[in-house]
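User: I have a model open and would like to go through it with you. Could you take my questions as they come?

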Amino acid sequence: MPMRKVEISAATSIVVLTGAGISQESGLDTFRDAGGIWARYDIDDVATPEGFRRNPPLVHDFYNEQRREAAVAAPNPAHVALADLEKAWPGRFLLVTQNIDGLHEKAGSKALFHMHGTLDGFLCEACGKRGPWAGDMSTASACPLCGRDGALRPDIVWFGEMPYFMPEIYRALGEADLFLSIGTSGTVYPAADFVREARQAGAVTVELNLEASRRGHGLFDLEIEGKAGDSVPVFVDDLLEGRLF
């Protein structure tokens, strides 16, 4: 289909959505690919409120392992390119990530929403407050804010729970001129519907993924296949140098 025109100016607004595929090249497992995390663990056991109530030690062990792996992982060129884009872009910019690993922050991203929470955070079920967390967490961990023992859980949005920042994200999608989807399968809602929201608002939509997502077929103006570490820096350079649109 013909590419719709984006006028690059101080008013141009970009919204970027990233998923596990962007962090795979940093050595972190994806969730839904063959051999990914959900091939080795039961979602109901480690990624639902019910699973946490049944077996808190199992859930803590699962996220402690992920937290330790993320702590030693380094951002790859795709993370760095998005941080560079944020710094150089003259208009509005928002990065929305489904990832919980913190690699975007390590790369220097600032305008960032973790819609599914973060490994480096706690949520206290006693006082309802959230905050930063480092190291392992267990059923004996005390809330840094209210002091309650045994009420902490990872600050992760589990299946059946509402993602964070949804009003702000939908507002940004409704004002976007350019929407980028990077390294996500497009199968988990509500993120899977972001491209439709942006397109209905008039944004040009671009997917950068290892392979084109079937769900997004017909919704993206441009589909770029390949590793994020290769394709994203090239795309960002072309965008900033005016070689696109």
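User: Which residues does Asn-99 touch, not counting residues up to four places away in sequence?

Analyst: Asn-99 touches Thr-18, Gly-19, Ala-20, Ile-22, Ser-23, His-114 and Gly-117, with residues up to four places away in sequence not counted; contact here means heavy atoms within 4.5 Å. This is a predicted model, in which local features need pLDDT of at least 70 and side-chain atom pairs count only at pLDDT 80 or more, while totals for chains, interfaces and linings use all residues. Residues are numbered from 1 along each chain as its sequence is written, and side-chain values use heavy atoms, with hydrogens and water left out.

User: Where is Asn-99 found, and is Asn-99 buried or exposed?

Analyst: Asn-99 is found in the loop between strand S2 (93–97) and helix H6 (103–107), where helices (H or I, at least four residues) and strands (E, at least two) are DSSP runs numbered from the N terminus. At 7% relative accessibility Asn-99 counts as buried, given that buried means under 20% relative accessible area, exposed over 50% and partly exposed in between, with a 1.4 Å probe and protein chains only.

User: What does UniProt say about Asn-99?

Analyst: An unreviewed UniProt entry carries the annotation "binding site" for a set of residues that includes Gln-98, Asn-99, Ile-100, Asp-101, Asn-209 and Ala-228. UniProt positions are given in the numbering used here, feature names are shortened, and annotations may be inferred rather than shown by experiment.

User: And which cysteines does UniProt place under "binding site"?

Analyst: The unreviewed entry places that feature at Cys-124, Cys-127, Cys-143 and Cys-146. They span 23 residues in sequence, yet no two of their C-alpha atoms are more than 8.7 Å apart, so they gather at one spot.

User: Switching to helices, at what angle do H5 and H9 pack?

Analyst: Helix H5 (residues 77–88) and helix H9 (residues 228–240) pack at an angle of about 20°, with their axes 7 Å apart. Axes are lines fitted to C-alpha atoms, for helices over the stretch in contact, and angles run from 0 to 180 degrees between N-to-C directions. That makes H5 roughly parallel to H9, a term for angles under 35 degrees, with those over 145 counted as roughly antiparallel, 65 to 115 as roughly perpendicular and the rest as oblique.

User: Which residues meet there?

Analyst: Pro-77, Ala-78, Ala-81, Leu-82, Leu-85 and Ala-88 in H5 meet Ala-228, Gly-229, Val-232, Pro-233, Val-236, Leu-239 and Leu-240 in H9. By class, this contact of H5 with H9 has 12 nonpolar, 1 polar and no charged residues; Ala, Val, Leu, Ile, Met, Phe, Trp, Tyr, Cys and Pro count as nonpolar, Asp, Glu, Lys and Arg as charged, and the others, Gly among them, as polar.

User: Now the backbone: which peptide bond is cis, and what is phi of Phe-165 near?

Analyst: The peptide bond from Tyr-189 to Pro-190 is cis, with omega near 5°, and Pro-190 has its place in the loop between strand S7 (178–182) and helix H8 (194–200). Phi of Phe-165 is near 65°, a positive value in a residue other than glycine. For context, most residues other than glycine have a negative phi, and most peptide bonds are trans. Phe-165 sits in the loop between S6 and helix H7 (166–174) and is partly exposed, with a relative accessible area of 28%.

User: Last one: how many helices and strands are there in the protein?

Analyst: The secondary structure comes to 9 helices and 9 strands, and buried residues make up 51% of the 245 residues in the protein. Of the contacts with a separation of 6 or more, 64% are accounted for by residues 24 or more positions apart.
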